[in-house]
Amino acid sequence: MKKIIATTLAALFVLALMLGVAACGGSSSDSGGGSGTVTVSGQATTVNIRNLSFNPPVIAVRTGTTVTWSNGDTLTHTVTASNGAFDSGRLEPGKNFGYTFNSAGTYDYACTIHPTMKGQVMVSGPGTWAG
Ligand SMILES: [Cu+2]
(Lines give C-alpha, C1' and ligand atoms only; values in the text may rest on other atoms or scores of the structure.)
Protein backbone atom coordinates (compact mmCIF):
# COMPACT_ATOMS: atom_id res chain seq x y z
CA MET A 1 0.00 0.00 0.00
CA LYS A 2 2.80 2.37 0.89
CA LYS A 3 4.39 1.72 -2.49
CA ILE A 4 1.19 2.63 -4.32
CA ILE A 5 0.96 5.91 -2.44
CA ALA A 6 4.61 6.69 -3.18
CA THR A 7 4.10 5.91 -6.87
CA THR A 8 0.99 8.08 -6.97
CA LEU A 9 2.81 10.95 -5.30
CA ALA A 10 5.69 10.60 -7.75
CA ALA A 11 3.27 10.67 -10.66
CA LEU A 12 1.54 13.76 -9.27
CA PHE A 13 4.92 15.42 -8.80
CA VAL A 14 5.88 14.79 -12.43
CA LEU A 15 2.47 16.02 -13.55
CA ALA A 16 2.88 19.20 -11.49
CA LEU A 17 6.30 19.78 -13.04
CA MET A 18 4.88 19.39 -16.53
CA LEU A 19 2.01 21.76 -15.77
CA GLY A 20 4.45 24.26 -14.29
CA VAL A 21 6.59 24.18 -17.41
CA ALA A 22 3.54 24.54 -19.62
CA ALA A 23 2.29 27.50 -17.58
CA CYS A 24 5.70 29.18 -17.79
CA GLY A 25 5.89 28.71 -21.54
CA GLY A 26 2.38 30.06 -21.95
CA SER A 27 2.94 33.21 -19.97
CA SER A 28 6.25 34.05 -21.61
CA SER A 29 4.80 33.80 -25.10
CA ASP A 30 1.77 35.73 -23.86
CA SER A 31 3.71 38.74 -22.67
CA GLY A 32 5.17 39.28 -26.11
CA GLY A 33 8.29 40.78 -24.61
CA GLY A 34 10.96 41.05 -27.25
CA SER A 35 9.02 38.87 -29.62
CA GLY A 36 9.62 41.31 -32.47
CA THR A 37 7.42 43.25 -34.80
CA VAL A 38 3.75 42.48 -35.13
CA THR A 39 2.65 42.97 -38.73
CA VAL A 40 -0.90 44.23 -39.06
CA SER A 41 -2.76 43.25 -42.22
CA GLY A 42 -6.03 45.03 -41.50
CA GLN A 43 -6.95 48.69 -41.85
CA ALA A 44 -7.38 49.14 -38.11
CA THR A 45 -5.62 47.76 -35.11
CA THR A 46 -5.41 48.27 -31.39
CA VAL A 47 -2.42 48.67 -29.10
CA ASN A 48 -3.31 47.81 -25.53
CA ILE A 49 -1.73 49.73 -22.68
CA ARG A 50 -1.33 47.75 -19.49
CA ASN A 51 1.23 47.20 -16.77
CA LEU A 52 3.18 50.26 -17.90
CA SER A 53 3.76 48.96 -21.41
CA PHE A 54 2.41 49.11 -24.95
CA ASN A 55 1.24 45.76 -26.31
CA PRO A 56 2.44 45.00 -28.86
CA PRO A 57 5.29 47.50 -28.55
CA VAL A 58 6.28 47.42 -32.23
CA ILE A 59 3.81 47.14 -35.08
CA ALA A 60 4.09 47.36 -38.84
CA VAL A 61 1.14 48.79 -40.76
CA ARG A 62 0.28 50.22 -44.19
CA THR A 63 -0.57 53.84 -44.86
CA GLY A 64 -4.22 54.49 -44.20
CA THR A 65 -4.29 52.27 -41.12
CA THR A 66 -5.89 53.61 -37.97
CA VAL A 67 -4.16 52.59 -34.77
CA THR A 68 -6.18 52.88 -31.57
CA TRP A 69 -4.39 52.90 -28.25
CA SER A 70 -6.59 51.59 -25.46
CA ASN A 71 -5.59 52.38 -21.91
CA GLY A 72 -6.44 49.24 -19.94
CA ASP A 73 -4.07 50.24 -17.18
CA THR A 74 -4.93 51.72 -13.80
CA LEU A 75 -2.73 54.74 -14.49
CA THR A 76 -2.99 57.72 -16.81
CA HIS A 77 -0.59 57.56 -19.76
CA THR A 78 0.16 59.48 -22.93
CA VAL A 79 0.85 58.29 -26.47
CA THR A 80 3.30 60.88 -27.76
CA ALA A 81 5.23 60.66 -31.02
CA SER A 82 8.85 61.78 -30.80
CA ASN A 83 8.47 63.50 -34.21
CA GLY A 84 5.34 65.36 -33.09
CA ALA A 85 3.01 63.55 -35.49
CA PHE A 86 0.53 62.67 -32.75
CA ASP A 87 -0.03 63.21 -29.07
CA SER A 88 -2.91 61.78 -27.08
CA GLY A 89 -2.47 64.12 -24.15
CA ARG A 90 -3.39 62.60 -20.79
CA LEU A 91 -5.13 59.32 -21.58
CA GLU A 92 -6.99 58.23 -18.49
CA PRO A 93 -7.71 54.57 -17.64
CA GLY A 94 -10.43 53.18 -19.91
CA LYS A 95 -9.93 55.85 -22.60
CA ASN A 96 -8.91 55.37 -26.22
CA PHE A 97 -6.83 57.43 -28.60
CA GLY A 98 -6.79 56.86 -32.35
CA TYR A 99 -4.51 58.07 -35.12
CA THR A 100 -4.56 57.32 -38.84
CA PHE A 101 -1.14 56.94 -40.42
CA ASN A 102 -1.26 58.53 -43.87
CA SER A 103 2.49 58.97 -44.35
CA ALA A 104 5.04 56.19 -44.57
CA GLY A 105 7.84 56.24 -42.06
CA THR A 106 8.93 55.05 -38.67
CA TYR A 107 7.17 56.59 -35.72
CA ASP A 108 8.74 56.24 -32.30
CA TYR A 109 6.50 57.12 -29.43
CA ALA A 110 6.55 57.09 -25.67
CA CYS A 111 4.55 57.99 -22.59
CA THR A 112 5.66 61.39 -21.35
CA ILE A 113 4.59 60.49 -17.81
CA HIS A 114 6.56 57.23 -17.77
CA PRO A 115 9.46 57.67 -20.22
CA THR A 116 10.44 54.00 -20.00
CA MET A 117 7.20 53.18 -21.84
CA LYS A 118 8.14 53.09 -25.49
CA GLY A 119 6.62 51.89 -28.72
CA GLN A 120 7.06 52.12 -32.46
CA VAL A 121 4.83 52.10 -35.50
CA MET A 122 6.43 51.30 -38.85
CA VAL A 123 4.33 52.53 -41.75
CA SER A 124 4.98 51.37 -45.30
CA GLY A 125 3.44 51.83 -48.75
CA PRO A 126 -0.29 52.04 -49.48
CA GLY A 127 -2.34 49.09 -48.35
CA THR A 128 -4.96 47.40 -50.49
CA TRP A 129 -8.08 46.43 -48.65
CA ALA A 130 -10.99 44.63 -50.19
CA GLY A 131 -14.22 46.60 -50.08
CU1 LIG B 1 2.57 56.21 -18.77
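1. The bridge partner of Ala44 is Thr66 in strand 5. Strand 2 and strand 5 run parallel and are joined by six bridges. Strands here are DSSP runs of E with at least two residues, helices are runs of H or I with at least four, and both are numbered from the N terminus. Two strands count as paired if DSSP finds at least two bridges between them.

2. Two remarks on provenance. The model is predicted, and local features need pLDDT of at least 70, side-chain atom pairs count only at pLDDT 80 or more, while totals for chains, interfaces and linings use all residues. Residue numbers run from 1 along each chain as its sequence is written.

3. Strand 2 also pairs with strand 3 (residues 53–55), through three bridges and in antiparallel fashion. Asn48 stands opposite Asn55 in strand 3. The two strands form a hairpin with two residues between them, and Asn51 in the turn has a positive phi of about 50 degrees.

4. Overall, the protein has one helix and nine strands, in the sequence pattern α-β-β-β-β-β-β-β-β-β. Of its 131 residues, 21% are buried, that is, 20 or more other C-beta atoms lie within 10 Å of their own; exposed means 12 or fewer, partly exposed in between, with C-beta atoms placed from the backbone. Among contacts between residues at least 6 apart in sequence, 47% join residues at least 24 apart. A contact requires C-beta atoms, placed from the backbone, within 7 Å.

5. An open sheet of five strands has the order 1-4-9-8-6 and mixed pairing. Its edge strands, each pairing on one side only, are strand 1 (38–39) and strand 6 (80–81).

6. Within that sheet, strand 8 (residues 105–110) is joined to strand 6 by two bridges, and the two run antiparallel. Ala81 stands opposite Tyr109 in strand 8. Six bridges join strand 8 to strand 9 (residues 118–126), again antiparallel. Here Gly105 has Val123 in strand 9 as its bridge partner.

7. Which residues have the most contacts inside the largest nonpolar core? They are Ile59, Val61, Val67, Trp69 and Val121, in a core of 18 residues. Two or more residues each come from strand 2 (44–50), strand 4 (58–63), strand 5 (65–71), strand 8 and strand 9. Strand 4 gives the most, with three residues. A nonpolar core is a set of buried Ala, Val, Leu, Ile, Met, Phe, Trp, Tyr and Cys residues joined through C-beta atoms within 7 Å.

8. Leaving aside residues up to four places away in sequence, Trp69 touches Val47, Ile49, Val79, Ser88, Leu91, Asn96 and Phe97.

9. Is Gly89 buried or exposed? Gly89 counts as exposed because it has 12 C-beta neighbours inside 10 Å. Gly89 is placed in the loop between strand 6 and strand 7 (96–101). Gly89 and Val79 are 10 residues apart in sequence, with a C-alpha to C-alpha distance of 7.1 Å.

Definitions and conventions:
Two residues are in contact if their C-beta atoms, placed from the backbone, lie within 7 Å.
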